[in-house]
Amino acid sequence: MIALNTKRMGQGIGRSLAKRIFKVYKEKGVTHVFTSVSWDSTDLLSFFKTLGFDRSNFINLRKTLD
Amino acid sequence: MSKIRIRKLKKEDADDIRRIDAAITKTRSKLDFKRIVDEAAGRSGDESFVAEQDGMVVGYMISYVTLGNFGIGKSAWIAMFGVDPKRMGQGIGRSLAKRIFKVYKGKGITHVFTSVSWDSTDLLSFFKTLGFDRSNFINLRKTLD
């Protein structure tokens, strides 16, 4: 999960949070970070793209329990 | 065909899960199965099961509940799944999945998600027969370098 106060967007807060997470995981020997974003959340996709994320080889599947 | 028994994952199942994973991937995984199984078996609210046949663990399915991930609300994720290749085709994976669906449905969860590599066609087919479809989510990856 990631969320920001909309009034504070554009100040690098999300980037700072992400950078800290990357640093901590790198120190722990983690080499890859994954996330999932809805295809129409274009702002979020752009955000992750600027952080160096790219499309993975994984396909997200969903089942409705009915 | 011997009867399949589905039971809750226990911490003691780590070695069996490592054995099944090695049989599937034909490699010795670097994953810390002891830690993965310890955590999965110890989390309350999350549901993970193994399948037994002839007194042996022959399959496993590890899942967890996520709360509010990017606006999708409370949902379940199947994180790890495997069936001993020698026992495939007997409905073991299906039995594990059905149990997980039943338990989560009983808890009021309406959606189950998973991620599968695009070229794992057997796995994609398996999830398709269980009623999974492509979600609106795109999986993204970053290499930490």
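**Cores and the A–B contact in a predicted model**

User: Which residues have the most contacts inside the largest nonpolar core?

Analyst: A nonpolar core here is a set of buried Ala, Val, Leu, Ile, Met, Phe, Trp, Tyr and Cys residues joined through C-beta atoms within 7 Å. Buried means 20 or more other C-beta atoms within 10 Å of the residue's own, with C-beta atoms placed from the backbone. The largest such core has 29 residues, and the ones with the most contacts inside it are B:Leu9, B:Tyr60, B:Met61 and B:Leu96.

User: What does B:Tyr60 touch?

Analyst: Contact means C-beta atoms, placed from the backbone, within 7 Å. Leaving out residues up to four places away in sequence, B:Tyr60 touches B:Leu9, B:Asp13, B:Ile17, B:Ile20, B:Val50, B:Phe81 and B:Gly82.

User: Which residues does the second, separate core include?

Analyst: That core has six residues. Among them are A:Val37, B:Phe137, B:Ile138 and B:Leu140.

User: Which element gives the largest share of the side of chain B that touches chain A?

Analyst: Elements are DSSP runs numbered from the N terminus: helices (H or I, at least four residues) and strands (E, at least two). On that side, 32 residues of chain B are in contact with 30 residues of chain A. Two or more residues come from each of α3 (92-106), β5 (111-117) and β6 (133-143) of chain B. The largest share, eleven residues, comes from β6(B).

User: In β6(B), what is the bridge partner of A:Phe34?

Analyst: Strands pair if DSSP finds at least two bridges between them. Strand β1 (residues 32-38) of chain A and β6(B) pair in the antiparallel sense over seven bridges. In β6(B), A:Phe34 has as its partner B:Arg141.

User: What radius of gyration does chain B have, against a compact globule?

Analyst: The radius is taken over C-alpha atoms, and the globule rule is 2.2 Å times the number of residues to the power 0.38. For 145 residues a compact globule would come out near 15 Å, and chain B agrees at 15 Å.

User: How much of chain B is buried?

Analyst: Chain B has four helices and six strands. Of its 145 residues, the buried ones make up 30%.

Conventions: Residues are numbered from 1 along each chain as its sequence is written. Chains are lettered from A and ligands numbered from 1 in the order in which they are written. This is a predicted model: local features need pLDDT of at least 70, side-chain atom pairs count only at pLDDT 80 or more; totals for chains, interfaces and linings use all residues. Two residues are in contact if their C-beta atoms, placed from the backbone, lie within 7 Å. A residue is buried if 20 or more other C-beta atoms lie within 10 Å of its own, exposed if 12 or fewer, and partly exposed in between; C-beta atoms are placed from the backbone.
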